[in-house]
Amino acid sequence: MVRLSGSSIFPATAQKPPTAPGTGGGGCISLSAKKKLLLENLEINGGGGAAKINSWVDSMRASSPTHMKSSSQSLSEDQQLPWQQHQQQITLPSALDNFDQIMEASRGKQIMRTTVRRLATCFPTAIVSGRCRDKVYKFVRLAELYYAGSHGMDIKGPEKGSKYTKGTEPVICQPASEFLPMIDEVFKELVAKTKLTPGAKVENNKFCVSVHFRCVEEKKWSEVAEAVKSVLNKYPKLRLSQGRKVLEIRPTIKWDKGKALEFLLESLGFANCTDVFPIYIGDDRTDEDAFKVLKEREQGFGILVSKVAKDTNASYSLQEPTQVMDFLQRLVDWKKLAFQESRM
């Protein structure tokens, strides 16, 4: 099961990612104490005044890997370095270069992936997105896929059912449906609060509200944070989280992309299967929940899409959308070859 965003594919002499100091093994890079503290502060609702807003703005900067200090300055050292040249020499192996090793690890297992119709004919495929499920479907328009919108809070399978599930009824899951009226209220309030901030965009993703600040001047970020804080304070049943240059208000239920991944595996009858090999591709901080699920299950791999080194629970990396397409096409070719060999 894969979320399609920018990403790269597996290498040919694969290695598991090296263990970073303080991670306790397992090949995963833990969040730095400073960044973790910033993110924890961000998710505490209410109170704090100016100090609170400053904390939010600091966190907004921390989660913006392409952030420039000013229009005349280049990227910071951390942001310029690719995976192979990270200052701590903590690298993830390329998924493209280690393709053969990944396929060897998946021998005898079923692989899940997300993208085009050709891929969906070979593997059960899902798209997990922070955006509204209807918007994602209108963009992709492939009826045979599983779609999980609003960070997995709105899941729906193929209308006519799937060859991977029993029955003909589509798989549906909406664990936060009772919050819909509240989300609509918050959306309207934030539109009004941010209309005077150039570049700010508020998006109603059905089960969450996203406030994008990608096109907002950095000196105006505090205005965006203040607007979000003033609205959020009135809704104790909602919480704040953060993605790439976006602040998101969601229900306080314990549900994320990791939970969505687990639900899809269960719906497909793969929850307790040892012969299933899920692969999840993502480029956002919110995808870390799904990477973590695969790591803890010791099943499948997470692939981070990024040109720069990041703290992550993923096992491999890809750098851009063209590499993602290359990797997914190689999966299709691998499946066809495996089928041909099985008939000999």
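Which strands make up the open sheet, and in what order do they stand? Before the answer, one caveat: this is a predicted model.

The open sheet has four strands, in the order S2-S3-S4-S5, and the pairing is mixed. At its edges are S2, residues 126-128, and S5, residues 172-173. Each of these has a single partner strand, so one side of S2 and one side of S5 have no neighbour in the sheet.

S4 covers residues 154-156, and it pairs with S5 in the antiparallel sense over two bridges. Opposite isoleucine 172 of S5 stands lysine 156.

The loop between S4 and S5 contains lysine 160. Is lysine 160 buried or exposed? Its relative accessibility is 77%; the cut-off for exposed is over 50%, so lysine 160 counts as exposed. Along the chain, lysine 160 and proline 170 are 10 residues apart, and their C-alpha atoms are separated by 6.4 Å.

H6, residues 133-140, lies across S2, S3 and S4. S3 is residues 146-149, and H6 runs at about 140° to that strand.

Now the aromatic rings. A pair of rings is described by two quantities, the distance of the centres and the angle of the planes. How many aromatic pairs does the structure hold? The count is five, and I will go through two of them.

One is phenylalanine 277 with phenylalanine 301. The ring centres are 5.3 Å apart and the planes are at 80°. Edge-to-face requires an angle over 60 degrees, so this pair is edge-to-face. Phenylalanine 277 belongs to strand S10, residues 276-282, while phenylalanine 301 belongs to strand S11, residues 301-305. The pair therefore ties together parts that are 24 residues apart in sequence. As for accessibility, phenylalanine 277 and phenylalanine 301 are both buried.

The other is phenylalanine 301 with tyrosine 316. Here the centres lie 5.0 Å apart with the planes at 80°, so this pair is edge-to-face. Tyrosine 316 sits in strand S12, residues 316-318, and phenylalanine 301 in S11, so the parts tied together by this pair are 15 residues apart in sequence. Tyrosine 316 is buried, as is phenylalanine 301.

Which residues do the ring pairs link into a cluster? They are Phe277, Phe301 and Tyr316.

To recap: an open sheet of four strands with mixed pairing, helix H6 lying across S2, S3 and S4, and a cluster of Phe277, Phe301 and Tyr316 linked by ring pairs.

How values were computed:
Residues are numbered from 1 along each chain as its sequence is written. This is a predicted model: local features need pLDDT of at least 70, side-chain atom pairs count only at pLDDT 80 or more; totals for chains, interfaces and linings use all residues. Side-chain values use heavy atoms; hydrogens and water are left out. Rings of Phe, Tyr and Trp (its six-membered ring) pair if their centres lie within 6.5 Å; planes under 30 degrees apart count as stacked, over 60 as edge-to-face and the rest as tilted. Buried means under 20% relative accessible area, exposed over 50%, partly exposed in between (1.4 Å probe, protein chains only). Two strands pair if DSSP finds at least two bridges between them. Contact means heavy atoms within 4.5 Å. Axes are lines fitted to C-alpha atoms, for helices over the stretch in contact, and angles run from 0 to 180 degrees between N-to-C directions.
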